[in-house]
Amino acid sequence: MKARLNLIWPPILLGALFLLAWQALVVIQDLKPYLLPAPSLIFTTFTSNLNLMVETGIYTATTAALGLVFGTLVGILLAMVAQRFFVFRNLMIPIAAGIAAVPIVALTPILNNMFDITSRTPRVLITAIVVFFPIFVNVYRGLTAVPPVQLELLRSLSATPRTVLRVLRIPNALPFFFTGLKVAAPLAVIAALVAEYFGGPQEGLGSKIAASAANTAYGRAWAYVVVAIIVGLAFYLITLALERVATPWAGRTRSA
Amino acid sequence: MSEFAVHAEGVWKIFNEGAANEVTALSDVSLDVRKGEFVSLIGPSGCGKSTLLRVIADLTSASRGTVEVAGMTPQKAREDHQYGIAFQQAALLDWRTVRRNVELPLELAGWDKAKRRARALELLDMVQLHDFAESRPWELSGGMQQRVAIARSLATDPEILLMDEPFGALDEMTRERMQNELLRIAGATNTSVIFVTHSIPEAVYLSNRVVVMSPRPGRITHVVDVPLGDRNEDTRESDAFFEAVTAVREALRGRAKPVGEGGARLAETS
């Protein structure tokens, strides 16, 4: 317990010192909010607009979560297909890399035109595209990077490919999956936010940050940035918790 | 039913046959292992001892020749769970408890849960790891992990145990203890064992017969009978033991005349 506390305090202290220095800089240098608003201003804007902040945060979090789930499912599915069917393997990996290279910023307006202007769908799709790649790559690796000796063992036991998948490949892939998910989850929030930034319904953190900045409400813009950070962190922490529950055996070698 | 646990005759294994990088791993190998017999395969790297074991286990197929395992084709024997196998690595699944690792072959053979559990605990008793049934594999030492792997290989009560340098990664003391345990278990269950090793004393201590192999191409050059009777700690220091060790060593150096027809049909002695 004490060791845990010792782990928790240093970052908190560092964060507090950083905010203090920031505040001091703004006050002493008399910086205007459009250059850099003081933490105190961001904080008061945040608390006095709390309902709106929470509402906006939840809207973006929902978009990110939908995209995350959709992209993850497609990533897992295609990784399994690529592992199982040799023909698809050499086909799928370049396609996956191609999807990773999709310029989502440029794609957003195009997708916005394809769907209803009030629709959340283009944002979810963009998030899913971003999420897909880290999930696909990691799950594929987890399914295929199986120790040969364990494959031989299962062959000696006359296991069918399906059984090998169930007792060996999937459990083996779980830690890899979570490594991918830890990258993908905060990325999903960023992707959803960026997608909101480029048109569509005037809801969500991306739209609000853009609108606040355009209206010179810099305190509010920064307050939304804080909300975005909180949502991203929440996504990461939820993933971390899921990982602990789902892969207790991997605890020894787990990455952050 | 065949009188032999394993019967191999004129077995060839050629990798990349017909290609420029063709390798003859086994050249006209014949070997019979009687039921309940303990036979070691020894030889330098590349002599085909592991390949022979893998052919018997149907992890790879022979290019030519006949192989019978428990009186059937290797494939049938594998599908019938006629043999258990242990490798140099314990190859335990980290996400399963020790008990559930031992249960794996039973699970794949379709045993129900309660029977599986009872059998696994019985086997863990036998390898003296009963207290570790609910531990995770990585919480165990190398020797303990290897004992779990042996328990797993015995799960379906196979007629034949195939072992590919199972004690290769263990320290000398653990290794000797494991050898005694293996002999005890194999004796108690009347299992035939084919044991691949690099160690001459290990081969001599464990086996009724030591099959000496030689590389390029992989073949059997000698079969050394080891008439040492029941083994115990004194065996390792007995004159007969050292004589057998010397005989195997000479055979490995290619200086000895082929010895020991005793049940084994000797391949060529080139």
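I count two residues as in contact if their C-beta atoms, placed from the backbone, lie within 7 Å.

**Entry 1: ground rules**

I am working on a predicted model, in which local features need pLDDT of at least 70, side-chain atom pairs count only at pLDDT 80 or more, and totals for chains, interfaces and linings use all residues. Residues are numbered from 1 along each chain as its sequence is written, and chains are lettered from A and ligands numbered from 1 in the order in which they are written.

**Entry 2: where the chains touch**

I looked up the interface. In it, 14 residues of chain A are in contact with 15 residues of chain B. I then asked which elements of chain A give two or more residues to that side. They are α7 (148–156) and α8 (161–197). My helices (H or I, at least four residues) and strands (E, at least two) are DSSP runs, numbered from the N terminus. Helix α7(A) has the largest share, six residues. By class, I find seven nonpolar, four polar and three charged residues on the chain A side. Here Ala, Val, Leu, Ile, Met, Phe, Trp, Tyr, Cys and Pro count as nonpolar, Asp, Glu, Lys and Arg as charged, and the others, Gly among them, as polar.

**Entry 3: chain A overall**

Chain A has ten helices and zero strands. I looked up its extent: the C-alpha trace spans about 75 × 55 × 30 Å along its principal axes. Of its 256 residues, 38% count as buried. Buried means 20 or more other C-beta atoms within 10 Å of a residue's own; exposed means 12 or fewer, and partly exposed is in between, with C-beta atoms placed from the backbone. Among contacts in chain A with a separation of 6 or more, 77% join residues 24 or more positions apart.

**Entry 4: a kinked helix**

Next I checked α4 (residues 86–100) of chain A. This helix has 15 residues and reaches 22 Å from its first C-alpha to its last. That is close to the 21 Å expected at 1.5 Å a residue (1.5 Å times one less than the number of residues). Where is the kink in α4(A)? I find it at A:Met92, shortly before the proline A:Pro94, and it is about 30 degrees. The bend is the angle between axes fitted to the seven residues ending at a residue and the seven starting there.

**Entry 5: one residue in α8**

I picked A:Ala185, which sits in helix α8 of chain A. Why does A:Ala185 count as buried? It does so because it has 26 C-beta neighbours inside 10 Å. Leaving out residues up to four places away in sequence, A:Ala185 touches A:Leu68, A:Phe235, A:Tyr236 and A:Thr239. A:Phe235 is 50 residues from A:Ala185 in sequence, yet their C-alpha atoms are 5.7 Å apart.

**Entry 6: domains of chain B**

The domain assignment, automatic or from a database, gives chain B domain 1 (1–82 + 158–270) and domain 2 (88–157). Their C-alpha centres lie 25 Å apart. I find 16 residues of domain 1 in contact with 14 of domain 2. On the domain 1 side, α6(B) gives the most, with six residues.

**Entry 7: cores**

A nonpolar core is a set of buried Ala, Val, Leu, Ile, Met, Phe, Trp, Tyr and Cys residues joined through C-beta atoms within 7 Å. The largest has 82 residues; B:Ile56, B:Leu162, B:Ile194 and B:Val248 have the most contacts inside it. A second, separate core of 52 residues includes A:Leu125, A:Leu181, A:Leu193 and A:Tyr224.
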